[in-house]
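Please take a moment with the sequence and the model before reading on.

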Amino acid sequence: MPYAYDLKDLRLFKAVAKARNLAAGAATLNMTASLASYRLKSLEYTAGCPLFVRGPRGMTLTPAGEAMAKHVDVLFTNLHAMHEEVGAHAQELHGKVRLLANSSALHGFIIPSVARFLAANSRVDVEIQEMASEDIAGYIREGEADIGVFAGQVDDPDLVCELYAMDRLVCVTPPAHPLVQRSRASLKDILDNDFVCRDLASSNTQFLLERAVEIGKPVKARVYAHDFAAVMHLVSAGVGVALVPMSVAEPALRDGRVGAVSLLDHWAFRELHLVMKRVPAQAELVHQFATILMHDPLVVTTRSSTHWA
């Protein structure tokens with residue numbers, strides 16, 4: 001059967017049981033007493049019975065709490081042993097991984113995965129470079145980089161190419177912009193508006209400029225921003241609209257800071273693929289890093305058809 005115990009709640013349980021006082025136990029975890037009380041009640045709900053007797057002299061464990069305390073001690077001992085054993089394998093990895101990615105993949109998905117990998121592997125460095133999708137496979141083939149993530153596919157016997165994530169480009173707008181009244185629009189129509197763009201070296205901006213040339217309309221860029229966070233801030237302030245990956249837009253959309261319009265253009269829906277040499281240099285390191293990227297929960301979710309339903 002599935003269990004819904006949260007490790008933070010169990011750590012709090014241990015701290016309060018040791019201190020015999022809610023505020024004192026919460027303080028050891030830098031937690032307020034009110035939050036600690038809520039979390040302990042949630043833990044008791046999950047357990048299905050009271051774990052503490054709350055009295056004027058503090059908090060003592062019920063028989064169920066005593067049983068839980070015994071098992072929690074074993075659990076954290078085993079967790080520590082697991083971390084030490086797995087960490088010994090991680091410490092064997094050392095070297096540098098060279099990663100190329102287009103703008104959508106890099107800013108929408110990759111950075112959190114890289115952060116977790118580097119935190120767990122202190123002897124590994126990662127060199128990241130943003131690059132246009134059409135150039136990435138060639139760099140991997142020539143050994144100029146170890147792993148690439150790009151929009152599109154490649155058919156090459158020397159390369160392994162796997163579906164990494166699915167994303168789509170959307171037009172983000174200020175919350176009250178007239179375009180928000182339309183659920184879908186083509187880039188041809190959207191180009192009549194002022195744009196907020198990434199810097200000219202960005203693959204995102206280069207992609208937008210190329211599509212505009214195909215359409216035969218200019219991009220009326222009011223400002224070129226250094227990253228997507230700046231782009232989203234400028235859009236929310238009413239400077240203009242922007243073409244961004246949905247993975248980048250989602251936090252601002254949830255907060256109501258921007259609106260979004262789906263694009264009718266066929267290229268808006270993007271399949272991002274991970275590519276590397278079939279027999280890479282530093283094979284173990286590259287394969288482990290690729291596995292981290294491929295199994296990030298956010299990335300895995302996008303590969304489900306129901307995510308885009």
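The second largest pocket is lined by 13 residues, and S133, E134, S203, F207 and R270 are the ones that lie nearest its centre. This is a predicted model, in which local features need pLDDT of at least 70, side-chain atom pairs count only at pLDDT 80 or more, and totals for chains, interfaces and linings use all residues. Residues are numbered from 1 along each chain as its sequence is written, and side-chain values use heavy atoms, with hydrogens and water left out.

Rolling a probe the size of a water molecule over the atoms shows where empty space is left. On a 1 Å grid over the protein atoms alone, a pocket is an open set of points where a 1.4 Å probe fits, with protein on both sides within 12 Å along at least five of seven lines, and its lining residues have an atom within 4 Å of a point. The second largest pocket has a volume of about 190 Å³, a volume being the space filled by probe spheres set on the points. At least two residues of its lining come from each of α5 (103–120), α6 (133–141) and α8 (203–215), and α8 gives the largest share, 5 residues; helices here are DSSP runs of H or I with at least four residues, numbered from the N terminus, while strands are runs of E with at least two. By class, the lining holds 3 nonpolar, 7 polar and 3 charged residues, where Asp, Glu, Lys and Arg count as charged, Ala, Val, Leu, Ile, Met, Phe, Trp, Tyr, Cys and Pro as nonpolar, and the others, Gly among them, as polar.

Helix α1 covers residues 7–19, and D6 caps its N-terminal end through a side-chain oxygen 2.7 Å from the backbone nitrogen of K8. Within α1, D9, L10, L12, F13, A15 and V16 are buried, that is, under 20% relative accessible area with a 1.4 Å probe and protein chains only.

After α1 comes R20, which has a positive phi of about 60° although it is not a glycine, and which sits in the loop between α1 and α2 (22–27). N30, in the loop between α2 and α3 (33–47), also has a positive phi, near 55°. N30 is exposed, with a relative accessible area of 78%, the cut-off for exposed being over 50%.

Terms used:
The expected span of a helix is 1.5 Å times one less than its number of residues. A polar contact is a pair of N or O atoms within 3.5 Å; within protein, one must be able to donate a hydrogen and the other to accept it, and residues adjacent in sequence count only if both atoms are side-chain atoms.
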